[in-house]
Each structure stands twice: as structure tokens, then as C-alpha cells.
Amino acid sequence: MLVIRRKSGESFFIGDDIEVEILDASGSQVKLGIRAPKEIPVVRKEIRLVSDQNRVAARPIPGPRLEQFIKSLKSPSADPIRPL
Amino acid sequence: MPLVQTQQFGELQYADDATVHFPHGLPGFELCHRFVFIQRPDLAPVVHLQSLETPEVCFPAMPIHAIDPNYVPVIAPEDEVTLGLRPSSPLNPAPVNPATLALALLAATAEGELTANLFAPIIINMETGTAVQAVRMDSLYSPHYSLEGAACS
């Protein structure tokens with residue numbers, strides 16, 4: 001992994017078209033500004049993680065596997081839709 | 001009653017008040033905004049969120065507190081705005097709104113293990129039918145929480 005040190009107001013390029021500027025760095029947070037072509041998606045890592053996991057979740061769970069899981073629950077709720 | 005075509009359950013009728021609206025879609029499914037709850041008594045407490053726009057998109061889910069009774073949801077300010085909830089204060093980062101429901105999406109791994117996404121629960125304002133997938137900024141909970149041997153209440 002390339003490691004570079006930058007201060008607030010400084011920036012760096014990724015390739016010719018993507019510029020990342022350090023807008024603010026205080027405490028444990030860094031605020032970045034990113035200039036990139038529209039066709040380059042810029043996504044937070046946790047969103048990418050959830051996106052990947054959602055694609056897995058959208059695949060049907062095999063019926064027998066789901067039924068086996070439901071049977072394994074000790075006292076399944078009759079009304080799953082209840083407030084917190 | 002309107003009808004919805006589903007890949008898993010065939011053609012179903014649904015009531016308008018059973019629909020849920022995700023204004024921003026879900027990560028990976030940004031064009032899916034409208035879903036309907038499918039609740040079958042034989043599958044309780046698992047429910048399915050069926051997309052009204054894309055028949056093949058259907059998420060199994062279950063109430064997050066049935067998986068972890070001590071689960072503390074954290075809703076980002078922008079998600080609170082989307083949900084129409086009163087913004088929380090630093091002293092109350094996890095508002096418990098009686099009209100709010102938290103669901104965890106379920107998934108099966110390639111090996112057949114069932115997991116729940118506790119990292120990004122579905123939060124629904126049941127009064128308005130508005131929903132978001134609230135991605136946590138901390139790492140307290142896993143997106144692949146194993147349900148094998150889970151003791152659900």
C-alpha cells in the first residue's frame with residue numbers, strides 16, 4: 001500500500017483525472033474532496049460491502065434450508081412485524 | 001387489490017398499506033424503491049421484502065431484536081431525515097421510536113450457512129412506510145452474523 005502524508009489544503013492525483021484533496025483533518029476524522037469523472041463511481045467502503053452482501057441476500061434461500069432454520073428457532077413469533 | 005409478480009411466490013395480491021418505500025433504494029439495488037412485505041405464517045418470524053419493480057429481487061429478513069435482543073440501532077442524521085424521524089441528540093444516539101421497525105436481511109453463504117446483516121439493518125417508519133438501509137459507521141456488528149445455533153426469542 002502506498003502511504004503519503006498530506007496536510008489540509010493539499011491534494012494528490014490518482015491517474016490523470018482523479019484528484020483527492022484533504023479539506024480538513026482533525027481528531028480521528030479526515031474530510032476529503034474528490035474530483036473525478038462522472039463515470040468513475042466513488043463509494044464508501046462500507047457501502048460497497050453492504051452492496052455486495054445485498055446481492056447475496058437477494059438470492060433465494062433454498063426452501064428446505066429456510067424451513068430447517070425456522071424449525072430450529074425455539075419459539076418463533078407469530079407476529080414478526082412488531083415495533084422495536 | 002394490485003398484483004405483484006414474484007419469482008419465489010408467483011403472482012400475489014397485496015394491499016397498498018403493506019408497501020414500503022425506499023427513497024434511495026438499497027446499496028446495490030438503487031433502482032428498487034418500492035417493496036411489499038410478504039408474511040407467511042409458516043415462515044414466521046422470517047418475512048420477505050419483495051420488490052414491486054423487479055420480480056427477481058426479494059430479500060428474506062427478520063426482526064433484528066429476534067436475533068439480538070440487545071441490539072442498539074444507530075441511525076445517521078441523513079437517514080433520520082429520510083425516515084421523517086425527530087433528529088437524535090448526542091445523548092440519545094439510538095432513538096427508540098414505537099413506530100420504527102428494524103429488520104436484518106438474511107442470506108445463505110455458498111456453504112449453506114444462514115447469516116444476518118446486523119451491520120446495515122432495514123429501518124422502517126411504520127407510520128409512513130418509508131424505509132432506509134441504515135449502514136452503521138462503527139464496526140460493532142457484522143454484516144455476516146451467523147444464525148447457526150442462534151437462540152431467538
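## Contact between the chains

In this predicted model, 27 residues from chain A and 41 residues from chain B take part in the contact between the two chains. On the side of chain A that touches chain B, helices α1 (45–57) and α2 (63–72) each supply at least two residues. The most is given by α1(A), with 10 residues. By class, this side of chain A comprises 18 nonpolar, four polar and five charged residues.

## Chain A

Chain A contains three strands and two helices, and from the N terminus on its elements follow the order β-β-β-α-α. Among the 84 residues of chain A, 8% count as buried. Of the contacts in chain A with a separation of 6 or more, 0% come from residues 24 or more positions apart.

## Strand β5 of chain B

Strand β5 of chain B covers residues 47–51, and five of its five residues are buried, so the strand is largely enclosed by the rest of the structure. From β5(B), B:Val47, B:Leu49 and B:Ser51 point one way, while B:His48 and B:Gln50 point the other way; all are buried.

## Strand pairing around β5 of chain B

Strand β4 (residues 34–38) of chain B runs antiparallel to β5(B) and is joined to it by four bridges. Here B:Val36 has B:Gln50 of β5(B) as its bridge partner.

Four bridges also join β5(B) to strand β6 (residues 58–63) of chain B, and this pair is likewise antiparallel. B:Val47 stands opposite B:Ala61 in β6(B). Together, β5(B) and β6(B) form a hairpin, with six residues between the two strands.

Methods. Residues numbered from 1 in each chain as written. Chains lettered and ligands numbered in written order. Predicted model: local features only at pLDDT ≥ 70, side-chain atom pairs only at ≥ 80, totals over all residues. Contact = placed C-beta atoms within 7 Å. Nonpolar A, V, L, I, M, F, W, Y, C, P; charged D, E, K, R; others polar. Buried ≥ 20, exposed ≤ 12 C-beta atoms within 10 Å, placed from the backbone. Pairing = 2+ DSSP bridges.
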